[in-house]
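Grab a pencil and open the viewer.

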Amino acid sequence: MKKWIILTATSLVIITVAFTSYFLSNREEPIIFFEAEDGVLNGVEKSQQTALFSGNGYVTGFDQPEDSLSVKLHAPEEGMYQLWIGYNGPNGDKQSNLSLNGQPFADVKLVPTTGFTELKYGRVKLLEGDNTFTFTTGWGWYDIDYVKIQKVAPKSKHQVKNELVNPNATKEALTLHKFLLDHYGKNILSGQQNLIEALELKAEYGKLPAVVGFDLIEYSPTRVAHGSNSKEVENILQWDELGGITTLAWHWNAPKDLIDSVEQPWYKGFYTEGTTFDIEQALANPDSEDYKMILNDIDVIAIQLKRLQEANIPVLWRPLHEAEGGWFWWGAKGPEPAKKLYRLLYDRLTNVHQLNNLIWIWNSESPEWYPGDDVVDIISIDSYPLAGDYSPINHRYDQLVELVQDRKLVALTENGPIPDPDLLQEYQSDWSWFCTWEGEFINDGIQNNKEHIQQVYNHPYVLTLDELPEYKK
(Lines give C-alpha, C1' and ligand atoms only; values in the text may rest on other atoms or scores of the structure.)
Protein backbone atom coordinates (compact mmCIF):
# COMPACT_ATOMS: atom_id res chain seq x y z
CA MET A 1 0.00 0.00 0.00
CA LYS A 2 2.77 2.35 0.99
CA LYS A 3 4.70 1.54 -2.18
CA TRP A 4 1.60 2.17 -4.28
CA ILE A 5 1.12 5.62 -2.73
CA ILE A 6 4.74 6.58 -3.45
CA LEU A 7 4.45 5.46 -7.05
CA THR A 8 1.21 7.34 -7.49
CA ALA A 9 2.67 10.51 -6.03
CA THR A 10 5.65 10.21 -8.30
CA SER A 11 3.35 9.71 -11.26
CA LEU A 12 1.37 12.76 -10.28
CA VAL A 13 4.53 14.85 -10.17
CA ILE A 14 5.57 13.63 -13.59
CA ILE A 15 2.13 14.28 -15.03
CA THR A 16 2.02 17.75 -13.49
CA VAL A 17 5.46 18.66 -14.78
CA ALA A 18 4.65 17.29 -18.24
CA PHE A 19 1.35 19.19 -18.35
CA THR A 20 2.99 22.40 -17.19
CA SER A 21 5.74 22.03 -19.78
CA TYR A 22 3.17 21.38 -22.51
CA PHE A 23 1.09 24.35 -21.43
CA LEU A 24 4.05 26.71 -21.35
CA SER A 25 5.44 25.57 -24.70
CA ASN A 26 2.06 25.79 -26.42
CA ARG A 27 0.63 28.90 -24.84
CA GLU A 28 -0.30 31.70 -27.18
CA GLU A 29 2.13 34.61 -27.10
CA PRO A 30 0.64 37.98 -26.08
CA ILE A 31 -0.26 40.53 -28.75
CA ILE A 32 1.49 43.88 -28.40
CA PHE A 33 -0.63 46.75 -29.72
CA PHE A 34 0.18 50.37 -30.71
CA GLU A 35 -2.34 52.99 -31.79
CA ALA A 36 -1.13 54.98 -34.80
CA GLU A 37 -2.40 58.31 -33.46
CA ASP A 38 0.07 57.97 -30.56
CA GLY A 39 3.05 57.79 -32.89
CA VAL A 40 5.32 60.47 -34.33
CA LEU A 41 3.52 62.27 -37.15
CA ASN A 42 5.38 64.06 -39.93
CA GLY A 43 3.20 65.86 -42.48
CA VAL A 44 0.20 63.71 -41.54
CA GLU A 45 -2.54 64.23 -38.96
CA LYS A 46 -4.85 62.50 -36.54
CA SER A 47 -8.48 62.17 -37.61
CA GLN A 48 -11.78 60.70 -36.42
CA GLN A 49 -13.80 61.41 -39.55
CA THR A 50 -14.13 57.81 -40.77
CA ALA A 51 -16.06 55.65 -38.31
CA LEU A 52 -15.13 52.34 -36.66
CA PHE A 53 -11.49 53.12 -36.00
CA SER A 54 -9.57 51.69 -33.06
CA GLY A 55 -8.56 53.80 -30.06
CA ASN A 56 -8.90 57.58 -30.22
CA GLY A 57 -8.50 58.03 -33.97
CA TYR A 58 -6.27 57.18 -36.90
CA VAL A 59 -3.56 58.83 -39.00
CA THR A 60 -4.35 60.27 -42.42
CA GLY A 61 -3.00 62.76 -44.94
CA PHE A 62 -0.31 60.70 -46.69
CA ASP A 63 -0.20 62.91 -49.79
CA GLN A 64 3.41 64.13 -50.02
CA PRO A 65 6.46 61.90 -50.66
CA GLU A 66 8.11 62.73 -47.32
CA ASP A 67 4.98 62.31 -45.16
CA SER A 68 5.50 59.65 -42.52
CA LEU A 69 4.23 57.97 -39.37
CA SER A 70 6.56 56.32 -36.84
CA VAL A 71 5.32 53.90 -34.21
CA LYS A 72 7.37 52.23 -31.50
CA LEU A 73 6.67 48.70 -30.28
CA HIS A 74 8.46 47.03 -27.40
CA ALA A 75 9.47 43.42 -28.05
CA PRO A 76 9.99 41.42 -24.86
CA GLU A 77 12.77 39.41 -26.51
CA GLU A 78 14.67 39.23 -29.79
CA GLY A 79 13.01 37.04 -32.39
CA MET A 80 10.52 36.72 -35.21
CA TYR A 81 7.15 38.41 -34.83
CA GLN A 82 3.95 38.46 -36.85
CA LEU A 83 2.99 41.99 -37.87
CA TRP A 84 -0.56 43.24 -38.49
CA ILE A 85 -1.54 46.68 -39.74
CA GLY A 86 -4.96 48.24 -39.30
CA TYR A 87 -5.72 50.55 -42.22
CA ASN A 88 -8.34 52.06 -44.49
CA GLY A 89 -7.78 52.24 -48.24
CA PRO A 90 -10.74 54.06 -49.83
CA ASN A 91 -8.86 55.31 -52.89
CA GLY A 92 -7.92 52.17 -54.80
CA ASP A 93 -4.75 50.07 -54.67
CA LYS A 94 -2.07 51.73 -52.54
CA GLN A 95 1.41 51.06 -51.25
CA SER A 96 3.23 52.35 -48.19
CA ASN A 97 7.00 52.22 -47.84
CA LEU A 98 7.94 50.61 -44.54
CA SER A 99 11.25 50.94 -42.73
CA LEU A 100 12.29 49.14 -39.55
CA ASN A 101 14.68 50.70 -37.05
CA GLY A 102 15.83 53.25 -39.60
CA GLN A 103 16.48 50.79 -42.44
CA PRO A 104 14.31 50.24 -45.56
CA PHE A 105 12.33 47.08 -44.97
CA ALA A 106 9.63 46.54 -47.58
CA ASP A 107 6.73 47.95 -49.53
CA VAL A 108 3.34 47.35 -47.93
CA LYS A 109 0.60 46.62 -50.45
CA LEU A 110 -2.76 48.04 -49.31
CA VAL A 111 -5.73 46.69 -51.24
CA PRO A 112 -8.85 48.88 -51.57
CA THR A 113 -11.33 48.85 -48.68
CA THR A 114 -14.68 50.43 -47.81
CA GLY A 115 -13.68 50.95 -44.18
CA PHE A 116 -11.06 49.95 -41.66
CA THR A 117 -9.66 46.46 -41.99
CA GLU A 118 -6.64 44.51 -40.80
CA LEU A 119 -3.74 43.41 -42.99
CA LYS A 120 -1.77 40.37 -41.87
CA TYR A 121 1.52 41.67 -43.19
CA GLY A 122 3.97 38.89 -42.34
CA ARG A 123 6.96 38.16 -40.16
CA VAL A 124 9.49 40.73 -38.94
CA LYS A 125 12.71 40.18 -37.00
CA LEU A 126 12.70 42.44 -33.93
CA LEU A 127 15.34 43.31 -31.38
CA GLU A 128 14.70 43.03 -27.68
CA GLY A 129 13.27 46.33 -26.49
CA ASP A 130 11.93 49.20 -28.58
CA ASN A 131 11.60 48.79 -32.36
CA THR A 132 10.50 51.64 -34.63
CA PHE A 133 8.28 51.10 -37.68
CA THR A 134 8.06 54.04 -40.08
CA PHE A 135 5.44 54.28 -42.81
CA THR A 136 6.28 56.71 -45.62
CA THR A 137 3.75 57.79 -48.25
CA GLY A 138 4.56 55.57 -51.24
CA TRP A 139 1.43 55.75 -53.44
CA GLY A 140 -0.40 57.78 -50.79
CA TRP A 141 -4.00 58.53 -49.81
CA TYR A 142 -4.67 55.88 -47.17
CA ASP A 143 -5.21 55.82 -43.39
CA ILE A 144 -3.24 53.92 -40.72
CA ASP A 145 -5.19 52.91 -37.61
CA TYR A 146 -2.86 50.70 -35.55
CA VAL A 147 0.05 48.26 -35.59
CA LYS A 148 0.34 45.06 -33.56
CA ILE A 149 2.88 42.24 -33.21
CA GLN A 150 2.97 38.70 -31.78
CA LYS A 151 5.94 36.35 -31.44
CA VAL A 152 5.86 33.36 -33.81
CA ALA A 153 7.60 29.99 -34.00
CA PRO A 154 10.02 28.93 -36.78
CA LYS A 155 8.51 27.54 -39.97
CA SER A 156 7.96 23.86 -40.60
CA LYS A 157 9.45 21.80 -43.42
CA HIS A 158 8.26 22.37 -47.00
CA GLN A 159 5.71 20.01 -48.57
CA VAL A 160 6.67 20.35 -52.26
CA LYS A 161 6.93 17.16 -54.34
CA ASN A 162 8.83 16.55 -57.56
CA GLU A 163 5.74 16.55 -59.74
CA LEU A 164 4.81 18.67 -62.76
CA VAL A 165 1.30 19.46 -63.97
CA ASN A 166 2.03 18.09 -67.43
CA PRO A 167 2.02 14.28 -67.10
CA ASN A 168 4.14 14.06 -70.26
CA ALA A 169 6.83 16.46 -69.05
CA THR A 170 10.24 15.77 -70.56
CA LYS A 171 13.02 14.15 -68.62
CA GLU A 172 14.91 17.46 -68.71
CA ALA A 173 11.97 19.39 -67.26
CA LEU A 174 11.56 16.89 -64.43
CA THR A 175 15.29 16.90 -63.73
CA LEU A 176 15.40 20.70 -63.59
CA HIS A 177 12.41 20.80 -61.26
CA LYS A 178 14.06 18.22 -59.00
CA PHE A 179 17.26 20.27 -58.93
CA LEU A 180 15.29 23.35 -57.89
CA LEU A 181 13.45 21.29 -55.29
CA ASP A 182 16.66 19.83 -53.87
CA HIS A 183 17.97 23.35 -53.22
CA TYR A 184 14.68 24.87 -52.06
CA GLY A 185 15.37 26.41 -48.67
CA LYS A 186 19.06 25.56 -48.87
CA ASN A 187 20.13 27.99 -51.60
CA ILE A 188 18.79 30.67 -53.88
CA LEU A 189 19.76 30.65 -57.56
CA SER A 190 21.10 33.92 -58.93
CA GLY A 191 19.40 35.30 -62.02
CA GLN A 192 19.63 38.17 -64.47
CA GLN A 193 17.31 39.38 -67.21
CA ASN A 194 18.96 39.66 -70.64
CA LEU A 195 21.92 37.56 -71.78
CA ILE A 196 24.16 40.55 -72.50
CA GLU A 197 23.61 41.91 -68.98
CA ALA A 198 24.39 38.45 -67.57
CA LEU A 199 27.65 38.22 -69.50
CA GLU A 200 28.61 41.69 -68.25
CA LEU A 201 28.26 40.43 -64.68
CA LYS A 202 31.05 37.98 -65.43
CA ALA A 203 33.30 40.80 -66.64
CA GLU A 204 32.47 43.01 -63.66
CA TYR A 205 32.22 40.50 -60.80
CA GLY A 206 33.80 37.31 -62.07
CA LYS A 207 30.57 35.28 -61.83
CA LEU A 208 27.74 34.35 -64.18
CA PRO A 209 24.21 33.93 -62.83
CA ALA A 210 22.66 30.48 -62.73
CA VAL A 211 19.47 31.70 -64.43
CA VAL A 212 18.98 34.13 -67.32
CA GLY A 213 15.65 35.66 -68.27
CA PHE A 214 14.60 35.92 -71.92
CA ASP A 215 11.54 37.34 -73.68
CA LEU A 216 9.56 36.30 -76.77
CA ILE A 217 8.22 39.83 -77.22
CA GLU A 218 9.58 40.43 -80.72
CA TYR A 219 8.02 37.23 -82.07
CA SER A 220 4.53 38.67 -81.44
CA PRO A 221 2.81 38.81 -84.87
CA THR A 222 1.75 42.46 -84.55
CA ARG A 223 5.37 43.42 -83.89
CA VAL A 224 6.67 41.30 -86.77
CA ALA A 225 4.12 43.07 -89.00
CA HIS A 226 5.87 46.34 -88.09
CA GLY A 227 9.32 44.98 -88.95
CA SER A 228 10.49 43.46 -85.68
CA ASN A 229 12.82 40.49 -85.70
CA SER A 230 14.39 38.50 -82.89
CA LYS A 231 17.37 36.29 -82.15
CA GLU A 232 16.17 35.45 -78.67
CA VAL A 233 15.90 31.73 -79.33
CA GLU A 234 19.48 31.77 -80.59
CA ASN A 235 20.45 33.56 -77.38
CA ILE A 236 18.78 30.81 -75.35
CA LEU A 237 20.61 28.14 -77.32
CA GLN A 238 23.89 29.94 -76.59
CA TRP A 239 23.07 30.20 -72.88
CA ASP A 240 22.15 26.54 -72.75
CA GLU A 241 25.52 25.64 -74.27
CA LEU A 242 27.11 27.41 -71.28
CA GLY A 243 25.06 25.19 -68.94
CA GLY A 244 22.69 27.85 -67.65
CA ILE A 245 18.99 27.69 -66.75
CA THR A 246 16.46 29.52 -68.92
CA THR A 247 13.41 31.42 -67.72
CA LEU A 248 11.18 32.85 -70.40
CA ALA A 249 8.43 35.48 -70.48
CA TRP A 250 6.32 36.89 -73.29
CA HIS A 251 5.43 40.58 -73.42
CA TRP A 252 2.61 39.66 -75.77
CA ASN A 253 1.83 42.51 -78.15
CA ALA A 254 -1.96 42.44 -78.53
CA PRO A 255 -3.18 40.33 -81.46
CA LYS A 256 -4.90 43.36 -83.05
CA ASP A 257 -6.30 46.84 -82.40
CA LEU A 258 -3.01 48.58 -81.56
CA ILE A 259 -3.55 52.30 -81.01
CA ASP A 260 -0.28 53.09 -82.83
CA SER A 261 -0.19 56.82 -82.11
CA VAL A 262 2.55 59.21 -81.10
CA GLU A 263 1.60 58.71 -77.45
CA GLN A 264 1.00 54.95 -77.79
CA PRO A 265 3.22 53.58 -80.60
CA TRP A 266 2.77 50.03 -81.91
CA TYR A 267 5.66 48.70 -79.88
CA LYS A 268 3.75 49.50 -76.67
CA GLY A 269 0.92 47.23 -77.74
CA PHE A 270 1.42 44.89 -74.78
CA TYR A 271 0.26 47.65 -72.43
CA THR A 272 -3.42 48.16 -71.67
CA GLU A 273 -3.08 51.77 -72.81
CA GLY A 274 -1.51 50.68 -76.10
CA THR A 275 -4.47 48.71 -77.45
CA THR A 276 -8.25 48.58 -77.51
CA PHE A 277 -8.23 44.78 -77.80
CA ASP A 278 -10.86 43.39 -75.44
CA ILE A 279 -9.71 40.05 -74.04
CA GLU A 280 -12.99 39.45 -72.20
CA GLN A 281 -15.07 39.80 -75.37
CA ALA A 282 -12.65 37.73 -77.43
CA LEU A 283 -12.69 34.79 -75.01
CA ALA A 284 -16.48 34.95 -74.68
CA ASN A 285 -16.86 34.43 -78.44
CA PRO A 286 -14.80 31.42 -79.63
CA ASP A 287 -16.15 31.82 -83.18
CA SER A 288 -15.00 35.42 -83.45
CA GLU A 289 -12.04 36.72 -85.43
CA ASP A 290 -10.51 38.07 -82.22
CA TYR A 291 -10.49 34.59 -80.65
CA LYS A 292 -8.92 33.10 -83.77
CA MET A 293 -6.19 35.75 -83.66
CA ILE A 294 -5.39 34.78 -80.06
CA LEU A 295 -4.96 31.18 -81.19
CA ASN A 296 -2.83 32.27 -84.13
CA ASP A 297 -0.49 34.24 -81.85
CA ILE A 298 -0.13 31.23 -79.55
CA ASP A 299 0.61 29.01 -82.54
CA VAL A 300 3.32 31.39 -83.73
CA ILE A 301 4.99 31.36 -80.31
CA ALA A 302 4.71 27.56 -80.21
CA ILE A 303 7.04 27.40 -83.23
CA GLN A 304 9.80 29.08 -81.21
CA LEU A 305 9.16 26.97 -78.12
CA LYS A 306 9.40 23.81 -80.22
CA ARG A 307 12.91 24.83 -81.25
CA LEU A 308 13.85 24.74 -77.58
CA GLN A 309 12.17 21.42 -76.99
CA GLU A 310 14.01 19.93 -79.97
CA ALA A 311 17.27 21.12 -78.36
CA ASN A 312 16.26 19.37 -75.08
CA ILE A 313 16.10 22.68 -73.22
CA PRO A 314 13.70 22.82 -70.24
CA VAL A 315 12.10 26.23 -69.84
CA LEU A 316 10.85 28.02 -66.73
CA TRP A 317 7.86 29.43 -68.64
CA ARG A 318 6.14 32.55 -67.24
CA PRO A 319 3.35 33.75 -69.54
CA LEU A 320 0.81 36.49 -68.72
CA HIS A 321 3.03 37.92 -66.02
CA GLU A 322 1.87 40.69 -63.66
CA ALA A 323 -1.72 40.21 -64.83
CA GLU A 324 -3.26 41.53 -61.62
CA GLY A 325 -1.51 44.89 -62.09
CA GLY A 326 -3.87 45.68 -64.95
CA TRP A 327 -1.20 47.50 -66.93
CA PHE A 328 -0.98 44.69 -69.50
CA TRP A 329 -3.98 43.95 -71.74
CA TRP A 330 -4.25 40.33 -70.56
CA GLY A 331 -5.07 41.59 -67.06
CA ALA A 332 -7.08 44.67 -68.02
CA LYS A 333 -10.50 43.02 -67.58
CA GLY A 334 -9.87 41.45 -64.19
CA PRO A 335 -9.03 37.97 -62.93
CA GLU A 336 -11.53 35.78 -64.76
CA PRO A 337 -10.48 36.59 -68.36
CA ALA A 338 -6.80 36.44 -67.36
CA LYS A 339 -7.21 32.98 -65.80
CA LYS A 340 -9.24 31.81 -68.78
CA LEU A 341 -6.54 32.98 -71.19
CA TYR A 342 -3.82 31.28 -69.13
CA ARG A 343 -5.72 27.99 -69.17
CA LEU A 344 -6.27 28.32 -72.92
CA LEU A 345 -2.57 28.95 -73.38
CA TYR A 346 -1.72 25.90 -71.27
CA ASP A 347 -4.15 23.67 -73.15
CA ARG A 348 -3.03 24.75 -76.62
CA LEU A 349 0.71 24.58 -75.97
CA THR A 350 0.51 21.33 -74.02
CA ASN A 351 -2.23 19.34 -75.73
CA VAL A 352 -2.24 20.72 -79.28
CA HIS A 353 1.44 21.52 -79.77
CA GLN A 354 2.75 18.80 -77.46
CA LEU A 355 5.20 21.12 -75.74
CA ASN A 356 6.40 19.11 -72.75
CA ASN A 357 9.58 21.01 -71.89
CA LEU A 358 7.73 23.84 -70.12
CA ILE A 359 7.61 24.30 -66.36
CA TRP A 360 4.56 26.52 -65.88
CA ILE A 361 4.87 29.61 -63.67
CA TRP A 362 2.00 31.77 -62.47
CA ASN A 363 2.94 35.31 -61.50
CA SER A 364 0.57 36.62 -58.81
CA GLU A 365 -0.01 36.29 -55.07
CA SER A 366 -3.72 37.09 -55.17
CA PRO A 367 -6.10 34.15 -54.55
CA GLU A 368 -8.67 35.73 -56.88
CA TRP A 369 -6.22 35.58 -59.77
CA TYR A 370 -4.89 32.05 -59.23
CA PRO A 371 -5.78 29.80 -62.24
CA GLY A 372 -5.54 26.50 -60.34
CA ASP A 373 -3.12 23.87 -59.08
CA ASP A 374 -3.66 21.74 -62.20
CA VAL A 375 -1.97 24.27 -64.51
CA VAL A 376 0.70 25.78 -62.23
CA ASP A 377 4.07 24.27 -61.33
CA ILE A 378 5.68 27.29 -59.65
CA ILE A 379 4.11 30.36 -58.07
CA SER A 380 5.91 33.71 -58.22
CA ILE A 381 5.82 37.48 -57.93
CA ASP A 382 7.80 40.40 -59.33
CA SER A 383 9.06 42.89 -56.75
CA TYR A 384 10.49 46.39 -57.13
CA PRO A 385 11.00 47.98 -53.70
CA LEU A 386 12.82 51.26 -53.21
CA ALA A 387 16.39 51.51 -54.49
CA GLY A 388 18.82 49.95 -52.02
CA ASP A 389 16.10 48.06 -50.15
CA TYR A 390 17.62 44.59 -49.81
CA SER A 391 14.94 43.19 -47.52
CA PRO A 392 13.86 39.54 -47.95
CA ILE A 393 10.35 40.38 -49.24
CA ASN A 394 9.21 37.80 -46.73
CA HIS A 395 5.61 38.99 -46.41
CA ARG A 396 4.96 38.33 -50.10
CA TYR A 397 6.85 35.04 -49.94
CA ASP A 398 4.64 33.93 -47.05
CA GLN A 399 1.50 34.90 -48.98
CA LEU A 400 2.57 32.76 -51.93
CA VAL A 401 3.34 29.78 -49.69
CA GLU A 402 -0.08 30.13 -48.08
CA LEU A 403 -1.81 30.46 -51.47
CA VAL A 404 -0.51 27.08 -52.68
CA GLN A 405 -0.43 25.52 -49.19
CA ASP A 406 3.32 25.03 -49.55
CA ARG A 407 2.84 22.45 -52.31
CA LYS A 408 4.70 24.34 -55.04
CA LEU A 409 8.03 26.09 -55.41
CA VAL A 410 8.04 29.86 -54.93
CA ALA A 411 10.22 32.16 -57.04
CA LEU A 412 11.13 35.84 -57.28
CA THR A 413 10.83 36.09 -61.05
CA GLU A 414 11.67 39.79 -61.37
CA ASN A 415 13.33 42.10 -58.90
CA GLY A 416 14.90 45.49 -58.64
CA PRO A 417 17.09 45.42 -55.51
CA ILE A 418 18.39 41.91 -54.78
CA PRO A 419 17.39 40.55 -51.35
CA ASP A 420 20.23 40.19 -48.84
CA PRO A 421 21.14 36.47 -48.65
CA ASP A 422 21.70 36.66 -44.90
CA LEU A 423 18.21 38.09 -44.38
CA LEU A 424 16.72 35.46 -46.68
CA GLN A 425 18.06 32.74 -44.41
CA GLU A 426 17.14 34.56 -41.23
CA TYR A 427 13.54 35.08 -42.37
CA GLN A 428 13.24 31.64 -44.01
CA SER A 429 12.21 33.39 -47.22
CA ASP A 430 13.12 30.47 -49.43
CA TRP A 431 12.81 32.02 -52.90
CA SER A 432 13.93 29.40 -55.43
CA TRP A 433 15.66 32.02 -57.58
CA PHE A 434 15.77 35.75 -58.19
CA CYS A 435 16.04 37.47 -61.57
CA THR A 436 17.21 41.07 -61.50
CA TRP A 437 15.69 43.23 -64.22
CA GLU A 438 17.94 44.79 -66.84
CA GLY A 439 19.24 48.34 -67.30
CA GLU A 440 19.35 50.63 -64.30
CA PHE A 441 18.36 47.88 -61.88
CA ILE A 442 21.71 46.14 -62.28
CA ASN A 443 23.85 48.96 -63.67
CA ASP A 444 23.12 52.28 -61.97
CA GLY A 445 24.84 51.53 -58.64
CA ILE A 446 21.74 52.82 -56.83
CA GLN A 447 19.16 50.07 -57.14
CA ASN A 448 21.94 47.60 -56.33
CA ASN A 449 25.29 49.07 -55.36
CA LYS A 450 28.43 47.27 -56.50
CA GLU A 451 29.39 46.11 -53.04
CA HIS A 452 26.01 44.49 -52.62
CA ILE A 453 26.17 42.70 -55.98
CA GLN A 454 29.67 41.49 -55.16
CA GLN A 455 28.47 40.17 -51.81
CA VAL A 456 25.45 38.43 -53.36
CA TYR A 457 27.36 36.71 -56.14
CA ASN A 458 30.01 35.41 -53.75
CA HIS A 459 27.68 34.40 -50.94
CA PRO A 460 27.61 30.67 -50.04
CA TYR A 461 23.80 30.72 -50.01
CA VAL A 462 23.66 31.98 -53.62
CA LEU A 463 24.24 29.56 -56.50
CA THR A 464 25.98 30.87 -59.63
CA LEU A 465 26.56 29.18 -62.98
CA ASP A 466 29.87 27.61 -61.95
CA GLU A 467 28.06 25.82 -59.10
CA LEU A 468 25.40 24.18 -61.25
CA PRO A 469 25.64 20.47 -62.03
CA GLU A 470 24.80 19.15 -65.48
CA TYR A 471 21.17 19.03 -64.42
CA LYS A 472 19.90 17.76 -67.80
CA LYS A 473 21.57 14.36 -67.38
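### Exercise 1: one turn of a helix

Lys178 and Asp182 sit four residues apart in helix H2 (residues 171-183), so about one helical turn separates them. Keep in mind that this is a predicted model.

**Task.** Work out what links the side chains of Lys178 and Asp182, and whether Lys178 is buried or exposed, or something in between.

**Solution.** Start with the link: the two side chains meet in a salt bridge, at 3.0 Å from N to O. Next, check the surface. Lys178 has a relative accessible area of 41%, so it counts as partly exposed. Asp182, at 36%, is partly exposed too.

### Exercise 2: salt bridges across the sequence

**Task.** Find out which parts of the chain the salt bridge between Lys125 and Glu426 ties together.

**Solution.** First, look at the pair itself: the closest N and O atoms of Lys125 and Glu426 are 2.5 Å apart. Then place each partner. Lys125 belongs to strand E9 (residues 117-126) and Glu426 to helix H10 (residues 421-427), so the bridge joins parts that are 301 residues apart in sequence. Lastly, accessibility: Lys125 is partly exposed at 21%, and Glu426 is partly exposed at 35%.

Now try another pair. Arg318 and Asp382 form a salt bridge with their closest N and O atoms 3.0 Å apart. Arg318 is in strand E16 and Asp382 in strand E18 (residues 378-383), so this pair ties together parts 64 residues apart in sequence. Both Arg318 and Asp382 are buried.

### Exercise 3: a histidine in a loop

**Task.** Decide whether His321 is buried or exposed, and list what it touches beyond its sequence neighbours.

**Solution.** Locate His321 first: it lies in the loop between strand E16 (315-318) and helix H8 (335-352). Its relative accessibility is 0%, and buried means under 20%, so His321 counts as buried. Leaving aside neighbours within four places in sequence, its contacts are Trp250, His251, Phe328, Trp330, Asn363, Asp382 and Glu414.

How values were computed
Residues are numbered from 1 along each chain as its sequence is written. This is a predicted model: local features need pLDDT of at least 70, side-chain atom pairs count only at pLDDT 80 or more; totals for chains, interfaces and linings use all residues. Side-chain values use heavy atoms; hydrogens and water are left out. Helices (H or I, at least four residues) and strands (E, at least two) are DSSP runs, numbered from the N terminus. Buried means under 20% relative accessible area, exposed over 50%, partly exposed in between (1.4 Å probe, protein chains only). Contact means heavy atoms within 4.5 Å. A salt bridge is a side-chain nitrogen of Lys or Arg within 4 Å of a carboxyl oxygen of Asp or Glu.
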